[in-house]
Amino acid sequence: MPVHVIVGAQWGDEGKGKIVDHLSERVQIVARYQGGANAGHTVVIPGKGKTKEKEFVLHLIPSGIFHKHVVCVIGNGVVLDPVALMSEIDQLEKAGIRIEGRLFISHNAHLIMPYHKMLDSAREQGAQKIGTTGRGIGPAYMDKYMRTGIRVVDLLNRDVLREKLTRNIEESNILLHKLYNSEVLNVDAIVNEYVEYDKKMDPFVKDTSRFLNDALAKKKHILAEGAQGALLDVDHGTYPYVTSSNPTSGGACTGLGIPPTAITAVTGVVKAYSTRVGNGPFPTELKDATGERLRETGGEYGATTGRPRRCGWIDLVSLEYSIRVNGIQRLAITKLDVLDDFDEICVCTGYVLNGKRLRSFPTDIHTLNSVVPEYRTFKGWKANIADVRSYKKLPRAARTYLEFLQRALRTRISMVSVGPRRDQTLFAS
């Protein structure tokens, strides 16, 4: 450190929220650098005494918020849905978690508007759908790069807001009404709605790039977290079945306004098997009883949408690629306990295409859809590991599995999760 980046090394849903929550104990700031409210981070907070444990699902606010000493930042690379943000703030405050003075939002973050959600949902009804959540993320990023987006700072000037909205809504109305026979949006109603959101968000708005760089000058430790996973990166993922931003570690610099020289550590979060939500290639997907068993045992349903996740064995070819493009130095393995009752566990060690073994991960979907995975099979440990509190006390077969992953990927495993709670986290020597 000072900046430690946490990235999902697969297709998202790797359990980054828990890992960030755990590592937040050692930092002063946790900053989210991309994505929107289409990603959900689930964190389970243990109870004390007679108090039951609580489960929180966050979509925008970093999970570091559960540590009283941590300040959380939503960076300029995030597309912000004010509806989702205020809902999260209300949820946390009702749970007794103080937000004031502990959450800052970049004044340069782009806003998700009602027409973004409508356009997103309308597109997903067509033949070219890619399996998005319909939360308006893609259309908001489209406006950003078309230089027609509306940022948090635009809420300060009602006239500027009205001018931008009028132009954008005129174009959106044409698409929504003529192509999808949808309702016509009203400029004044949206202006009034978002001005009210501005009043609520104003205490949190800040020049977060300046704040973070000042913190770096004071030698404070920062944890940078992304949403989704590296294989959904718009540049490096399985295009076009990707998200609309850069979940890879490089996105932390542009999404937070910090220099690359500030990043001193990158940890990749990896599920002990593989999952994917939405459409797109998935070489190790299991469309059989084993895949269904992984889904049910692992509770593999989207935290944001509830959609069932596609499940399969862990894929070392894609992980080697993720490690390379992110500069991952260590791994955190999650959901190892989901494999407790399997007699055999498979690991994809290579791809074969037309009888030839591929040397690297292909990111064009036509090739990736055609590869045949090669597997190595490991004996399952057939034991409940949820109560194990030391890496060395894991069953030998579990350690054999993990140590193979470590050797094959040439990357040290530093953390292993054996359940959703904070205390179900093991640190490897």
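Let's start with Arg-293, whose charged end sits over the ring of Phe-342, 4.1 Å from the centre. "Over a ring" here means that NZ of Lys or CZ of Arg is within 6 Å of the ring centre and within 35 degrees of the ring normal. Lys-206 does this too, lying over the face of Phe-104 at 4.5 Å from the ring centre.

A quick word on where this comes from: the model is predicted, with local features needing pLDDT of at least 70 and side-chain atom pairs pLDDT 80 or more, while totals for chains, interfaces and linings use all residues. Residues are numbered from 1 along each chain as its sequence is written, and side-chain values use heavy atoms, leaving out hydrogens and water.

Now, the rings themselves. How many aromatic pairs does the structure hold? Ten, where a pair means rings of Phe, Tyr or Trp (its six-membered ring) with centres within 6.5 Å; planes under 30 degrees apart are stacked, over 60 edge-to-face, and the rest tilted.

One of them is Trp-11 with Phe-282, tilted, at 5.2 Å centre to centre and 55° between the planes. Trp-11 is in the loop between β1 and α1, and Phe-282 in the loop between β12 and α9, so this pair ties together parts 271 residues apart in sequence. (Helices are DSSP runs of H or I, at least four residues, and strands runs of E, at least two, numbered from the N terminus.)

Finally, Phe-378, Trp-381, Tyr-401 and Phe-404 form one aromatic cluster.
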